[in-house]
Every structure is written in C-alpha cells, then in structure tokens.
Amino acid sequence: MKHSPMLQARVRTLRYESERVVSIELVPVAGSTFPEFTAGSHVDLHLPNGISRSYSLLNSTSDSNRYVLGVLFDPNSRGGSRFVHEELRCGSVLTISTPRNHFELDETADETVLIAGGIGVTPILCMYRHLRARGKSARVVYCARSRNQAAFLDEFAALGGDVELWFDDEHGGQPFDLRQFFAAQPKDIHAYCCGPLPMLSAYEAACAACGIAHVHLERFAAVPATTSAPAGGYRVYLKRSDRTIEVPDGSPLLDALLAADIDCEYSCREGLCGACETVVLDGVPEHRDCVLSESEKAAGKTMMICVSGSRNGGKLVLDL
C-alpha cells in the first residue's frame, strides 16, 4: 500500500488561547518544507508517547511553511491532549502527516454560513479567513459554554465581518437556537458546522427541517455506533497482495489485516481522520465512519477499514 508521506515539524510556539485550549505553531525542520493546504484540512500528530491524533489547521491557507493547530485539554484524555498540554515543549520535533481534507469549502457558493461549537472553531476560523481574504459573503456563529472557554476571539475581531458570538452562560444556560437561525436563511445557502455531537445532531435536524440544500459538517468525536465492529465474520480478498483474510466475528477489519502483516495506513481508529480510506473493488461495505458523505457511502467505492466492515457477511475485495 502506498503511504502518504510523513513530515518532520518543529514546535515553534505554544500559546494559551483560552481556558483549556492551547495553539501549536509548527514549522518544518531545517532543509524541509510543508505542502500547501486548503481550508478545512487537518493533520495527524504522531506524539512521542505513541499516540496519533488529528487536529484541524486554523491559520491562513496562504501561509508558507507554517501550520497552526488548536488543542482542547480533555479531562478524560487517553493521552493525546494531555501530552500536548502537559509535556509538549517549544523546540520539540514531531512527525506529522501531510494535510488531508474531508471538510472542503465550496468557494463557488454565493453565501456561506459557518457554525462553530467549542474547539470545533478551528476549521471554521480557517474557512472564514479564506472567504474574507477573497471577498466572499460569509457569516459565522461561534458558540461556547462561556466566554472564558472561547478561543481565538481576538482572531475573529481582527478579521471583522459578520460574526455572532453565543455563550450559553450569558443566556441562562440555553444553547443557540439553530432551527430558528436556519429558518431565516436562504435555502440554497452553504452551511458548515463543526462542534460536539449534540450540536451536530441539532444542526442536521435544523437544516433538514428548514430545507437547507447544502449541508456540510465535521466531527471531532466518533458517533458511539461507530466504535464497535460490525457483527459476523466474513472474508476479504486483497487483490494486489493476492491474499484472502478471514475477519472473525466482532473483530475490526483493520485488526485482522494488521494481524496478517498487511501494510495498512491508519491513524485514529475511530473513523474520523480518513487516513485508512481504502478502495473497494467488489462487495458491499457496512460503513460506520464519520468521514464519507451519505452519497459516498451509498456508492460503496471506498471504505474506512478501521471501523467499517462487510454488510451481511458478504465477501469484500479491496485494493490492498
């Protein structure tokens, strides 16, 4: 399997952005360069403790050889955000992936609305920078539990334009009314949202109820249903390797492939980052990821092998 190239990045600055949020500015190590990226992209950080985590890029797409990420400290951290907040230091060298984008911005849209919840603001800030720089019509709604927890407020203030801030504790603990908001929007507007799962569920429901035609979202936590392997064993034929792999009942496909010493690219193991996307040559996948759109899942041309499997135990043929 052809792997995406890895980059060596040095931590140039770590900056306190808000309660529990730090930003990390990464630059190439001497003699190397960073590839360009598009608004909505993320990179994987391969941390020294053996953990890999995906974080969205928030700086300008016109920046050369500079990536900036925002990391929220999770009190239930399994080692990713805790390491970043407690152990990462300026000058440290990290291995990172090249940027990937499963949350692409449609720059042809006449009007765009960007909805951010908490740390989901990172790709939204990048998108807003990009649209403002190109003179495009864009509106931001940035929601957080409190002003103290809202990162990058100074960045939005510097960009100006149509930015609405909503802090739950300043509204009696009530969340922003997305349904009322979208009821007042043109149905052909392009809407983007990144935030916690309850917010994304409310966003999808509001867009559906209001007939919004172009709905885009990105998750930074897996939907609970995606975290378990599909039930039932099945076979997978790997065309390039000319091997057949038996996937046991309840076992993730990725685990079965790794146990058979198949060279697979992967990172998050939660169906979030897209690193393990694999071409399906035959068979019907059971999709359990948060990356592919509904139309892409229906087409069945690719699958995320870390969480997805075979529908009804049928044989899969993969380009591996």
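How many helices and strands are there in the chain? The chain holds 7 helices and 18 strands, where helices (H or I, at least four residues) and strands (E, at least two) are DSSP runs numbered from the N terminus. This is a predicted model, in which local features need pLDDT of at least 70, side-chain atom pairs count only at pLDDT 80 or more, and totals for chains, interfaces and linings use all residues. Residues are numbered from 1 along each chain as its sequence is written, and side-chain values use heavy atoms, with hydrogens and water left out.

**View 1. The whole chain.** Let us start with the overall picture. The C-alpha trace spans about 55 × 50 × 35 Å along its principal axes. The radius of gyration is 20 Å, which agrees with the value near 20 Å for a compact globule of 320 residues; this radius is taken over C-alpha atoms, and the globule rule is 2.2 Å times the number of residues to the power 0.38. Of the 320 residues, 49% count as buried, and buried means under 20% relative accessible area, exposed over 50%, and partly exposed in between (1.4 Å probe, protein chains only). Among contacts (heavy atoms within 4.5 Å) between residues at least 6 apart in sequence, 64% join residues at least 24 apart.

**View 2. Helix H2, residues 121–133.** From its first C-alpha to its last, this helix of 13 residues reaches 18 Å, close to the 18 Å expected at 1.5 Å a residue; the expected span is 1.5 Å times one less than the number of residues. H2 is mostly covered, with 11 of its 13 residues buried. Among them are Val121, Pro123, Cys126, Tyr128 and Arg129. Just after H2, look for Gly135, which takes a positive phi of about 70 degrees.

**View 3. Leu131 in helix H2.** Here we zoom in on one residue of the helix. Leu131 counts as buried because its relative accessible area is 2%. Beyond its neighbours within four places in sequence, Leu131 touches Leu105, Thr112, Leu114, Lys136 and Ala138. Ser54, by comparison, lies 77 residues from Leu131 in sequence and 24 Å from it in space, C-alpha to C-alpha.

**View 4. His190 in strand S10.** The last stop is a strand that covers residues 190–195. Is His190 buried or exposed? His190 counts as buried because its relative accessibility is 8%. Its contacts, leaving aside neighbours within four places in sequence, are Asp106, Ala109, Glu111, Thr112, Val113, His214 and His216.
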